[in-house]
Amino acid sequence: MQNNPDILLITSDAALAANRHGGRAKCLQRLVRLDLPVPRTVALSFQAVKRIAAGQMPDIAQVDAQFGEEALLCVRPSSEDPDWGGPGAVLNIGMNDAQYRCLSERLGPGAAAALYSRFVQAYATHVARLDPDVFDGDPVESPKGLQRMLRAYEDEADEPFPQSRSDQLRGVLRSMARAWEGTSARLLRQAKGAPADAGLGLVVQEMIPGLGQGECGSGVLQLADPVTGLPQITGRYLSQSQGREALGAGAAAIYLEKDPRGPSLEELAPEAFEALKRDAALMRRRLREEMQVEFVIQNGEVHILDGVRVPRSPRAAVRIAVRLAEDGIIPPEEAVMRVDAHSVSELLHRQVAPDAAREVLATGIGASPGAATGRIVFSAAAAQASAARGEACILVRRETAPEDVRGMHAAAGVLTEKGGMTSHAAVIGRGLGLPCIVGASELTFNTRDKMLRTPAGRILRESDVITIDGSTGEILAGEPEMLEAALDDAFQTLMGWADTCRDIGVRANADTPADARTAHNFDAEGIGLCRTEHMFFEPGRLTVMREMIFADSSSGRAEVLARLLPMQRDDFIQLFKIMEGRPVCIRLFDPPLHEFLPATRSGQRELAEALDLPVSDVTRRIEAMAEYNPMLGLRGVRLGVTVPEIYEMQARAIFEATLESGAAGAPIVPEIMIPLVSAKREVELIKGRIDSVAATVRAQRGRDFTYRLGVMVETPRAALRAAEIAPNVAFLSFGTNDLTQMTYGLSRDDAGRFMSDYVNKGVFAEDPFHVLDIDGVGELLKLGAERGRAAHPGLTVSICGEHGGNPESIAFCREAGFDYVSCSPFRVPVARLAAAQLAIAEKIGVGPAKIP
């Protein structure tokens with residue numbers, strides 16, 4: 001049989017390969033090479049299983065002959081990646097009437113009947129495809145019950161239960177092979193990242209009954225806790241000789257001395273327990289991984305059935321990888337590669353505990369990771385009042401607007417009916433590290449009556465407690481158990497290793513001092529985008545901003561803006577001090593002015609009172625400013641050209657803050673970014689005014705300073721005409737949120753309503769607001785970068801849209817030669833790790849891969 005590469009007895013020198021026989025078969029061979037007590041096993045290759053699914057059965061008698069006549073067998077799946085899954089294992093193959101009689105004499109009729117009935121249940125359901133309801137229930141433990149089950153099989157199948165081990169094995173292999181080829185199984189594993197043509201291997205292994213006169217049983221053991229990653233012997237053990245779990249009740253039993261719940265394995269079989277610990281430690285050292293040992297104890301003797309990677313939470317993955325590197329088992333670079341960059345964001349936030357009960361009320365788009373529990377509130381004011389009382393709340397809105405930001409700051413989480421991955425709620429939520437679900441259209445929102453209706457008809461009212469999971473998009477009832485954030489020493493160590501490997505900069509999008517402190521704490525290399533308009537929505541500034549909007553002349557606007565100048569200057573001074581000399585890129589005012597004006601009659605009356613104007617004048621002015629499509633109207637650089645006083649005030653605030661912040665230390669070089677540029681002339685006009693403000697400040701203060709001027713490339717035309725724009729600026733930073741919106745002609749706030757249908761139907765491979773569209777938007781980025789650098793060789797090029805924190809998008813940026821990416825503060829660690837993995841992968845010539 002060893003001459004047949006598709007059917008191999010697993011020995012130390014058998015020609016096995018994970019990409020031909022699967023990860024389980026290869027791991028078993030490694031265990032054999034370690035001289036561990038592994039039962040006799042035969043591996044079937046992917047090709048052999050594919051032929052079995054097509055009806056071409058191998059020589060089953062040859063496989064069967066590898067095992068003793070009385071041996072029971074099991075068949076387990078062996079896919080290339082264990083995360084791809086596969087059909088469930090089938091145990092006790094070979095149980096028949098003769099085996100039952102033999103085992104009844106050795107073990108007693110009850111134990112023998114239980115073994116036989118388990119196999120009949122599995123065979124009837126998975127192989128013969130009989131009605132599972134007929135065979136459901138606990139295994140029978142009496143001869144009469146067994147006979148009833150065998151008669152039921154015969155009645156349903158119109159034939160007696162097969163008695164030949166070869167026939168049973170043939171049926172099991174055929175069933176498992178066809179299950180792998182089924183449509184639902186294929187779609188499920190493709191969702192886990194498996195290629196469409198992924199193969200399945202099968203291993204046929206001699207079973208150790210784990211029944212006898214001495215200590216007998218089965219279980220699993222591991223040396224690391226799967227939730228925390230801390231070194232701890234955990235697992236479970238079912239003692240067949242005791243007839244109960246040796247450690248008593250509990251889904252995650254722990255092997256401890258003198259466990260109060262009952263006798264521990266160490267007490268029942270101390271020699272076997274020590275052997276298992278030695279075997280697990282050997283596997284960890286030689287296989288370079290924390291392994292879960294599946295074992296059977298037969299009359300006190302240990303048998304190792306399998307070894308698999310310890311299942312692990314994201315926090316456990318970090319700690320396990322770091323411990324392996326610190327113990328000298330793997331190099332630090334490999335530890336960096338072993339942690340999924342996407343999962344790092346979960347470490348930065350509270351999470352629903354993995355084993356917590358989840359009552360899912362509805363689902364939406366998980367737009368900002370982490371979980372939060374709180375009482376439902378329906379307005380920003382109610383969120384602020386709740387925070388003042390010390391009560392956690394979830395802010396529920398149809399969609400958020402800039403005036404909701406204060407309420408978002410006060411809330412524990414945000415839930416909206418509308419929106420997508422780059423909607424207002426999503427972007428601000430990620431920036432604040434606030435759990436957020438958007439596009440929850442399954443819920444019926446009735447904000448007037450302050451209630452929600454779930455798809456099942458349940459009514460949720462204000463003050464009802466819910467939990468939102470921004471990682472999964474699930475809205476949960478009540479308050480499930482939570483895990484706290486885990487920024488421990490292991491995390492810091494891993495990120496330090498990552499920073500020594502990466503070759504692209506990582507900055508943060510930070511609008512406030514709080515954002516900047518978060519960015520600094522996450523070791524961002526600077527601020528790549530500071531959206532100054534968010535500073536104007538604070539209560540003390542909003543009225544002044546509205547007064548400026550209502551001013552009738554340039555001098556009137558300048559006079560009002562002079563009152564905002566010291567506020568802006570203080571904002572920038574704080575940012576410069578927090579970032580401690582790291583670069584800070586400040587985007588000039590971007591949104592349309594109507595966003596600062598009240599939309600309700602009550603708000604308009606309050607504004608009229610504050611400005612001492614008739615309500616009718618306020619209403620007419622607001623109506624006159626209305627635009628059909630304000631996001632494509634008077635905003636960004638267009639506002640700076642037509643209402644230049646705003647940009648002049650901001651430039652003065654930046655320059656004065658630069659001088660004051662740099663007075664006590666190294667000079668600060670601020671970066672000023674012009675938003676929504678489409679034409680070279682726009683840049684020339686704004687540059688002229690900013691240069692004039694700079695000259696005035698230099699003359700007034702008697703001190704010199706420098707600054708860097710750049711453009712935020714958000715329109716396709718700016719990317720296409722980058723060669724004209726670049727000579728006038730020091731950097732181009734691509735704002736991929738708006739650039740994607742304009743390239744596709746999609747509203748980023750409304751696309752969430754249909755995006756899942758588009759992805760499911762293959763129109764888009766991914767939501768382009770979540771993962772950068774390399775073919776379309778990416779082509780514009782490449783053209784803009786290439787043309788800009790051709791005209792200005794020293795040009796700095798970056799991304800400052802939300803794509804900057806996405807690992808797949810970072811790969812594109814590295815390949816295109818971008819200098820840095822900028823993302824929300826809480827995505828900075830994700831970007832740092834992803835950038836390091838890409839650099840390491842390029843160095844060793846492979847992609848970031850999961851370690852089997």
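**Cysteines, sheets and helices in a predicted model**

The sulfur of C530 lies 8.8 Å from the closest cysteine sulfur, that of C585, which is too far for a bond. A disulfide is a covalent bond between the sulfur atoms of two cysteines. To count as one here, the two sulfur atoms must be within 2.5 Å. The model is predicted. A search of the whole structure turned up zero disulfides. C216 is likewise in no disulfide. Its nearest cysteine sulfur belongs to C102 and is 15 Å away.

The cut-off for buried is under 20% relative accessible area.

The whole chain gives the setting. The protein chain has 852 residues, and 56% of them count as buried. Its secondary structure comes to 34 helices and 31 strands. Along the principal axes, the C-alpha atoms fill a box of roughly 105 × 60 × 55 Å. Contacts were also sorted by distance along the sequence. Among contacts with a separation of 6 or more, 67% join residues 24 or more positions apart.

C530 also has a place in a sheet. Strand β25 covers residues 527–531, and strand β26 covers residues 584–587. These two strands run parallel and are joined by three bridges. Within β26, I586 is the bridge partner of C530. Both strands belong to a closed barrel of eight strands. The barrel runs β24-β25-β26-β27-β28-β29-β30-β31, and its pairing is parallel. On average, neighbouring strands of this sheet are turned by 25° against each other, direction ignored.

A second sheet of eight strands is open. Its order is β12-β22-β21-β14-β15-β16-β17-β13, and its pairing is mixed. Which strands form the edges? They are β12 (360–363) and β13 (365–368), each of which pairs on one side only.

Strand β14 shows both senses of pairing. With strand β21 (residues 465–469), β14 runs antiparallel, and five bridges join the two. In β21, D469 is the bridge partner of A371, and I468 is the partner of A372. Helix α16 (residues 380–388) packs on the sheet and touches β14 and β15. The direction of α16 makes about 175° with that of β15. Strand β15 spans residues 393–397 and pairs with β14 in the parallel sense, over three bridges. Here V377 has L395 of β15 as its bridge partner. Strand β14 itself (residues 371–377) is mostly covered, with six of its seven residues buried.

Helix α8 was examined for length and for facing. It has 15 residues, 143–157. At 1.5 Å a residue, the helix should span 21 Å. Its end C-alpha atoms are 21 Å apart, so the two values agree. Which residues of α8 are buried? They are G145, L146, M149, L150, A152 and Y153. Seen down the axis of α8, these buried residues fall within an arc of 155°, so they line one face of the helix. On the other side of α8, K144, R148 and D155 are exposed. The cover over the buried residues of α8 includes α5 (97–107), α6 (109–127) and α7 (132–135). Just after α8, D158 takes a positive phi of about 60°.

Helix α21 (residues 539–549) also has a list of buried residues. They are R541, L542, V544, M545, R546, M548 and I549. What do they pack against? The buried residues of α21 meet α22 (554–579), α23 (601–611), α24 (615–624) and α26 (645–662).

Terms used: Residues numbered from 1 in each chain as written. Predicted model: local features only at pLDDT ≥ 70, side-chain atom pairs only at ≥ 80, totals over all residues. Heavy atoms only, no water. Pairing = 2+ DSSP bridges. Helix = DSSP H or I, 4+ residues; strand = E, 2+ residues; numbered from the N terminus. Axes fitted to C-alpha atoms, helices over the stretch in contact; angles between N-to-C directions. Expected span 1.5 Å × (residues − 1). Buried < 20%, exposed > 50% of the residue type's maximum accessible area, 1.4 Å probe, protein only. Arc of directions from axis to C-beta. Contact = heavy atoms within 4.5 Å.
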